[in-house]
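Here is a brief report on one protein model.

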Amino acid sequence: MSLLDGGCSTKDARGLYQVVVDATTLPSSSACTCRLGYNRKGAEEFRSWPFRNLSAPARIKVQQQRRRYVVMIKWEKSKLDIHVMNYCLAVSTGRRQRTLCQALGNSIHRPPCDTIAVNDYLHRLAPWEERKLDGKVETTIACTGTRTRQLIRGMKPNVTYYVDVFAIHSQHNNLSFLLGSTQVQLNRTRPTQLLEGKIVVGKLSTLGGISLFNFKVPKRSTNNFFKLHLTPCGGTVSLEVLKKKRRIMEPVRDVYYPRTITVRNVRPGERYLIRVIETDDTSRLNRIQVAVSSREDFVDLPRMPHNTTITELVPLRKCHSSTIAWFGSPDKDVTYCVYVFKLPKTQYYISNVKMPTYCELESRDVCNHPQFHNKHCFNGNEFNPLSLDIPNLLPEHYYTVFVTAISARGRSLPYKSVRIKTAPYCLESNQIPSDGGLGGTGKGSIKTIGFRKATGQKRRNTAIGTKNALAERGTSKRSRKQRGQTASQDV
C-alpha cells in the first residue's frame with residue numbers, strides 16, 4: 001500500500017493498518033507531502049522502531065476475587081501481529097518495569113538477556129492459571145502464552161503493586177515490548193457496624209461476592225443470643241458467624257428469602273464477625289439487607305411469625321382470581337401490603353426472569369415495573385391467619401405475589417414470595433365482576449375475603465381450612481422425604 005499526495009493505491013491484502021506520523025519537527029504553518037510504504041519488518045527493525053508501543057496500546061482490567069487477596073488481571077491483545085504474540089505479566093512492589101529484560105533481572109530467575117534466547121527461556125516457564133507472588137524478590141513473572149488473563153494471589157493489603165504486561169513475538173527471538181501498565185492496591189475493607197433498630201445494606205461486589213459485618217453484644221444484655229434478619233436482594237447467600245477467626249456455629253446455607261437467624265452462646269460485651277457470601281454466580285444479586293437485635297424482637301420492626309410462607313388456596317382458584325393466605329404478625333397495629341406481578345407466558349419456567357427483588361418493594365418505581373399488576377394495602381388485625389382474594393387476573397397465567405408487614409413506625413419486613421396460577425377454564429360464576437372488585441384501582445384490584453369478610457361458622461371453618469393448608473406444605477415435604485428413605489431401605 002502506498003500513499004502519495006492524498007491518493008491511495010492498494011497492492012496488498014486488505015486489513016487494519018495503524019499509521020503514526022511524527023511531524024513535531026515541522027513548523028505549524030508548513031505543509032508536507034509524504035509517501036507511505038509497507039514492508040514486513042524483521043527483528044532488528046522491530047527493536048529499533050520507536051512507535052511500536054504507540055501502535056499497540058492495551059487496557060488492563062483488575063478484578064478482585066472472592067478469595068482473600070486474590071485478583072484476576074485481564075488485558076487486550078496486541079494489535080501488532082496479533083496471531084503470533086505471547087504474553088508475560090510482571091508484578092513488582094518497587095517500581096515499573098520498562099522492558100522484559102529488566103523484569104527478568106529483578107525476578108528470582110535473574111537471567112542475563114544478552115546470554116540467553118528469551119523465547120526459549122520463557123517457553124520453559126509453563127503457563128499457570130494461578131500464580132502466587134514471591135515475597136523474596138521484587139518482581140514476579142507469570143507467562144500466559146496466548147492467554148490474556150492471569151490469576152494472582154498473595155497480594156497484601158494497602159501495598160501498591162506495579163503491573164506490566166509484555167508482548168513477546170513468537171517468531172522473532174528476543175523481540176518484546178511493553179504492552180500496558182497499571183497499578184493495583186488492595187484496600188482492606190472494614191466490616192460494617194450493625195446497630196440495633198437499623199437496617200444496614202451491604203454490597204457483595206466490594207469483595208467479589210462477600211460482605212462483612214460486625215456486631216458487639218451490649219454489656220447490659222441479659223440474653224446469651226442475638227438475632228439476625230437477613231434479606232437477600234435476589235439470588236442465594238450463605239452466612240457465617242465468627243469470633244476471633246473461628247466459627248461459633250454451623251454456616252447457614254442457601255438463604256434465598258427473608259429469614260431470621262438466631263446466634264446462640266454469645267457473651268455480652270464481645271464482638272462477632274458476620275460474613276455473608278454469595279453462592280449463586282448466575283444471579284443479579286449485589287446487595288443484602290441485615291438487621292440485628294439482642295432481644296426477642298427487632299426495634300421499630302414488625303414482629304414476624306415463625307412461618308413466613310404465603311400459600312395459594314388451590315381449591316379457591318378460579319380463571320380470573322386466586323386466593324392467598326399467610327400468618328399475621330403478633331403485633332396489633334400492623335399494615336400489610338400485597339404486590340402482584342404478572343409473568344409472561346414465555347417465561348414461566350425460566351429462573352432468571354427479571355422480577356423485582358425483596359429490597360425493591362418499598363421503591364417508588366415499583367409500580368412502574370413492566371410486569372406490575374397491582375398493589376393493595378390494608379390493616380388486618382382481626383383474624384389470624386389472613387387471606388386475600390386477588391381478582392381481575394387472566395386465565396391460565398402465572399403471577400408472583402409479595403407481601404410486606406409494616407409496623408406503626410413505618411418500618412417493613414417482607415414475607416417469602418409465592419407464585420400463583422389461575423384456572424385455565426372459566427365458568428359463569430367465575431367471570432370478572434362488573435364493578436372491578438373491592439379495595440383497589442389500577443391494572444387489577446384486590447379485595448379481602450375469607451377471614452375478614454366471612455362471619456359466624458363459615459369464618460371459623462375457612463380459618464381452620466386455611467391454617468391446615470399453610471401447614472400442609474411442611475407436612476407434605478416431610479412425608480415425601482420419609483417415603484424416599486423407606487424406598488431406599490427396601491431396595
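## Disulfides

A disulfide is a pair of cysteine sulfur atoms within 2.5 Å. This is a predicted model, and a search of the whole structure finds 4 such links.

One joins Cys319 to Cys426, S to S 2.0 Å. The angle about its S-S bond is 115°, and the link of Cys319 and Cys426 is right-handed. Cys319 sits in the loop between strand 22 and strand 23, Cys426 in the loop between strand 29 and helix 5, so the pair ties together parts 107 residues apart in sequence. Cys319 is buried at 0% relative accessibility. Cys426 is partly exposed at 33%.

## Two further pairs

Cys88 and Cys143 are joined at an S to S distance of 2.0 Å. Their S-S torsion is about 95°, so this disulfide is right-handed. Cys88 lies in strand 6 and Cys143 in strand 8, 55 residues apart. Both Cys88 and Cys143 are buried.

Cys233 and Cys359 also form a disulfide, with sulfur atoms 1.8 Å apart. Here the torsion is about -80°, so the disulfide is left-handed. The two cysteines are 126 residues apart.

Cys367 is partly exposed, at 37% relative accessibility.

## A buried strand residue

Thr404 lies in strand 27. Thr404 is buried, with a relative accessible area of 1%. Its contacts beyond four places in sequence include Tyr336, Cys337 and Leu413.

## Confidence

Mean pLDDT is 77, and 68% of residues reach 70 or more. Residues 486-491 stay under 50, with 0 contacts beyond four places in sequence. Where pLDDT is low, the predicted coordinates should not be read in detail.

Conventions
Residues numbered from 1 in each chain as written. Predicted model: local features only at pLDDT ≥ 70, side-chain atom pairs only at ≥ 80, totals over all residues. Heavy atoms only, no water. Helix = DSSP H or I, 4+ residues; strand = E, 2+ residues; numbered from the N terminus. Buried < 20%, exposed > 50% of the residue type's maximum accessible area, 1.4 Å probe, protein only. Contact = heavy atoms within 4.5 Å. pLDDT = per-residue confidence, 0-100.
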